[in-house]
Amino acid sequence: MRLSRYFMPILKENPKEAEIVSHRLMLRAGMIRQQSQGIYSWLPLGKRVLDKVNAIIRDEQNRAGAIELSMPTLQSAELWQESGRYDAYGKEMLRIKDRQDRPMLYGPTNEEMVTDIFRSSVKSYKDLPLNLYHIQLKFRDEIRPRFGTMRSREFMMKDAYSFDLTREAAEHSYNKMFAAYLRTFDRLGLRAIPMRADTGPIGGKLSHEFIILADTGESEVFCHKDFVDFDIPGEHTDFDSVEGLQAIFDKWTSLYAATSEMHDEAAFNAVPEGDRLSARGIEVGHIFYFGTKYSEPMGAKVQGPDGKEHFVHMGSYGIGPTRLVPAIIEASHDNSGIIWPASVAPFDIVVINMKAGDQACDDTCELIYAALSKAGKDVLYDDTDDRAGTKFATADLIGVPVQIIAGPRAVANGEVEVKDRKTGARETMTIEAAINRFVA
Ligand code: ATP
Ligand code: MG
């Protein structure tokens, strides 16, 4: 991508409305724009990061055996009347009427709709286990939308829903998502700790929130500090192994970890003082097992091996991609801007032409840009005629992991500079060596 032809509206000044660093940096880097309170457009640079986050989430959901579909944002109120949640949900639900005066709503979550899909076609235990997910916009009319897309009214959610014949089978499905979440957040460059959680309006029995420790987090959390170094399940984890997944779950729940709603002061005080971590955190995922809470009122049942009908046991599993993007920034930035983990960076490399219009600089940059693009790298080429200082500041602000800098003096020697955004380390090398480093 040539910056001269891209759309990346950088702000020079710090936006006044931004209270936390991620919100400030997302606005300054031209990633998002607020359209009305708690409702955002994702501008091209932000959209690239969001797409990469979603690709990792999708990859891990698929690995764990979940199947993707797509459900609509607008739902009919009828389904929610069946489950009893239409009245229970309160003012967070945006209620709408269509031209026939039929009550509709903008979905805050999809338990009812997916249960309806399930009951319309699944009739036998032989079709279980089943886990269906989508990545879709949700709307919750939050009392206090704030911190940009961290807590917005319209936001994206990956929500998965599992169906099983028995409680034991449902626990295995829960454990699959538990392990998939550990892997997902790790690949996003985050350390998320599963904590015992309240089940809230979703209702239910077993529930964990995945929390990232951050000073700006809205949750108050308490946990054993060893969680910070626990091993993440590897990519060859066998998701069909009941014992294997139970062992992962048992290990990751063996030490104290709870949010303030579930906090047990006495249990926490039993943790040796030096091992206690009481901190603030950001909830990036939440998983629930809720048994037959929806299948009973909505009549979702299958025939079991005993020939009888059984209400299915369900769970639901949410991750917030539009919250994860600022959460990653909260965890990874410095005074100059964002530092993206390579896995979600909007571009892999930015090529900075320090003197656009200078034939040697232009030729060198074009050569590098073409070679790296051909090798499949996402390259941003800063070919604008801005001052070098402005270009450096922009490259640091948008946090691309690698900068290749071509200035007249180095180029005259057949060389460029390669800068690592995270460490700040700079290295001068031949043009060929610079290309080879990233092509190999
Ligand atoms: P919170 O306690 O932060 O309000 P929640 O418990 O209501 O969230 P869930 O129903 O568990 O949220 O939703 C699953 C995930 O969706 C959350 O873990 C979070 O990552 C994301 N999410 C929920 N509400 C919002 C929001 N208003 N803005 C952005 N992401 C959200
Ligand atoms: Mg939650």
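**Entry 1: the shell around ligand 1**

I sorted the shell around ligand 1 by class in this predicted model, and I found four nonpolar, five polar and five charged residues in it. In total 14 residues surround ligand 1, and I noted the closest of them as Glu-142, Arg-151, Ser-152, Glu-283 and Arg-323. I then asked which strands each supply at least two residues of this shell.

**Entry 2: polar contacts of ligand 1**

I found an oxygen atom of ligand 1 at 2.8 Å from an N or O atom in the side chain of Arg-151, and an oxygen atom of the ligand at 3.4 Å from a polar backbone atom of Gly-285. On the nitrogen side, I noted that a nitrogen atom of ligand 1 has a backbone N or O atom of Ser-152 at 2.8 Å. How much of ligand 1 does the protein bury? Taken alone the ligand exposes 580 Å², and I recorded that the protein buries 85% of that area.

**Entry 3: the largest pocket**

I wanted to know where ligand 1 sits, and I found that the space it takes is the largest pocket. This pocket holds about 970 Å³ of space, and it is lined by 43 residues, of which Arg-140, Glu-209, Glu-283, His-286 and Arg-323 are the closest to its centre.

I turned to the second largest pocket, for which I have a volume of about 310 Å³. Its lining is made of 16 residues, and I noted Ile-10, Lys-12, Asp-386, Thr-390 and Thr-394 as those nearest its centre. Helix H12, residues 388–398, provides the largest share of this lining, five residues. Sorted by class, the lining of this pocket has eight nonpolar, four polar and four charged residues.

**Entry 4: the cavity**

Last, I asked how many cavities of 30 Å³ or more the structure holds. I found one, and about 30 Å³ of space lies in the largest cavity. I wrote down its lining as Leu-3, Val-350, Ile-352, Leu-380, Asp-382, Lys-391, Thr-394, Ala-395 and Ile-398. The elements that give two or more residues to this lining are strand S19 (349–353), strand S20 (379–382) and H12, and H12 gives the most, with four residues. By class, I recorded six nonpolar residues, one polar residue and two charged residues in the lining of the largest cavity.

I also noted that Thr-394 lines both this cavity and the second largest pocket, and that H12 supplies the largest share of the lining of that pocket as well as giving the most to the lining of the cavity.

Conventions
Residues numbered from 1 in each chain as written. Chains lettered and ligands numbered in written order. Predicted model: local features only at pLDDT ≥ 70, side-chain atom pairs only at ≥ 80, totals over all residues. Heavy atoms only, no water. Near = heavy atom within 4 Å. Polar contact = N/O pair within 3.5 Å; in protein donor to acceptor, adjacent residues only side chain to side chain. Areas by Shrake-Rupley, 256 points an atom, 1.4 Å probe, with all protein chains shown as cover. 1 Å grid on protein atoms, 1.4 Å probe; cavity = no way out; pocket = protein on both sides within 12 Å on 5 of 7 lines; lining within 4 Å. Sits in = over half its atoms within 2 Å of the grid points. Nonpolar A, V, L, I, M, F, W, Y, C, P; charged D, E, K, R; others polar. Points joined across faces, edges and corners; volume = space filled by probe spheres on them.
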